[in-house]
Amino acid sequence: MNCMFWSMLMNLDETLRGCVIAGPDRRALFVFTDQKSKSKYVAKNKNGKEACGVRIDGGLITSNDVKKCDYGLCIDDDRFFLIELKGKDLSRACKQLLFTFNYMRSFYPNYDYFCRIVGSSANLPYPHSYKKLLEVLQDPNKLKYKTNNL
């Protein structure tokens with residue numbers, strides 16, 4: 001691994017380090033996919049920031065008793081994107097992100113969190129759980145929802 005990127009990896013705690021699935025590096029695109037829903041999230045790294053992809057469901061959070069989001073994208077400027085790739089159930093996706101956000105904020109309070117949902121079809125009007133997640137994030141720009149690809 002390039003020494004330049006080792007610093008970001010070392011800044012992550014041991015638990016997060018063990019769940020890294022991509023990076024850390026300055027690649028132009030970080031791509032997360034879900035075969036079941038055929039959803040894809042593509043993060044464009046326009047500014048060449050050092051970043052790494054983290055498996056949350058089945059990685060950082062292994063319990064089957066809680067619903068959590070699929071992935072995280074940790075950026076070297078202390079932003080952390082929580083990513084849920086979902087089929088049609090926007091309400092469930094929001095609940096998963098809300099749980100993950102609360103979990104992450106309690107263990108990793110120094111990050112600025114953003115939530116991203118990619119669904120296979122539109123769910124309008126937005127469910128109560130979407131509004132609750134917006135309320136908790138306290139900034140409408142921190143939550144994005146798109147169908148198929150984001």
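Me: What is a salt bridge, as the term is applied to Arg 26 and Glu 50?

Reply: A salt bridge is a side-chain nitrogen of Lys or Arg within 4 Å of a carboxyl oxygen of Asp or Glu. Side chains of opposite charge can pair when their charged atoms come close. In this predicted model, the side chains of Arg 26 and Glu 50 form such a contact, at 3.9 Å from N to O.

Me: Which parts of the chain does this pair link?

Reply: The two residues are 24 apart and belong to distant parts of the chain. Arg 26 is in the loop between strand E1 (20–25) and strand E2 (29–34), whereas Glu 50 is in the loop between strand E3 (39–44) and strand E4 (51–55).

Me: Is Glu 50 buried or exposed?

Reply: Buried means under 20% relative accessible area, so Glu 50, at 4%, counts as buried. Arg 26 is partly exposed, with a value of 36%.

Me: How many salt bridges does a search of the whole structure find?

Reply: The search finds seven. Among them, Glu 84 and Lys 86 meet at 3.4 Å, N to O, and both residues are buried. Another joins Asp 112 to Lys 142, with the closest N and O atoms 2.3 Å apart.

Me: Where do Asp 112 and Lys 142 lie?

Reply: Asp 112 lies in strand E7 (residues 112–119) and Lys 142 in the loop between helix H4 (128–137) and strand E8 (143–147), so the pair ties together parts 30 residues apart in sequence. Asp 112 is partly exposed at 32%, while Lys 142 is buried at 15%.

Terms used: Residues are numbered from 1 along each chain as its sequence is written. This is a predicted model: local features need pLDDT of at least 70, side-chain atom pairs count only at pLDDT 80 or more; totals for chains, interfaces and linings use all residues. Side-chain values use heavy atoms; hydrogens and water are left out. Helices (H or I, at least four residues) and strands (E, at least two) are DSSP runs, numbered from the N terminus. Buried means under 20% relative accessible area, exposed over 50%, partly exposed in between (1.4 Å probe, protein chains only).
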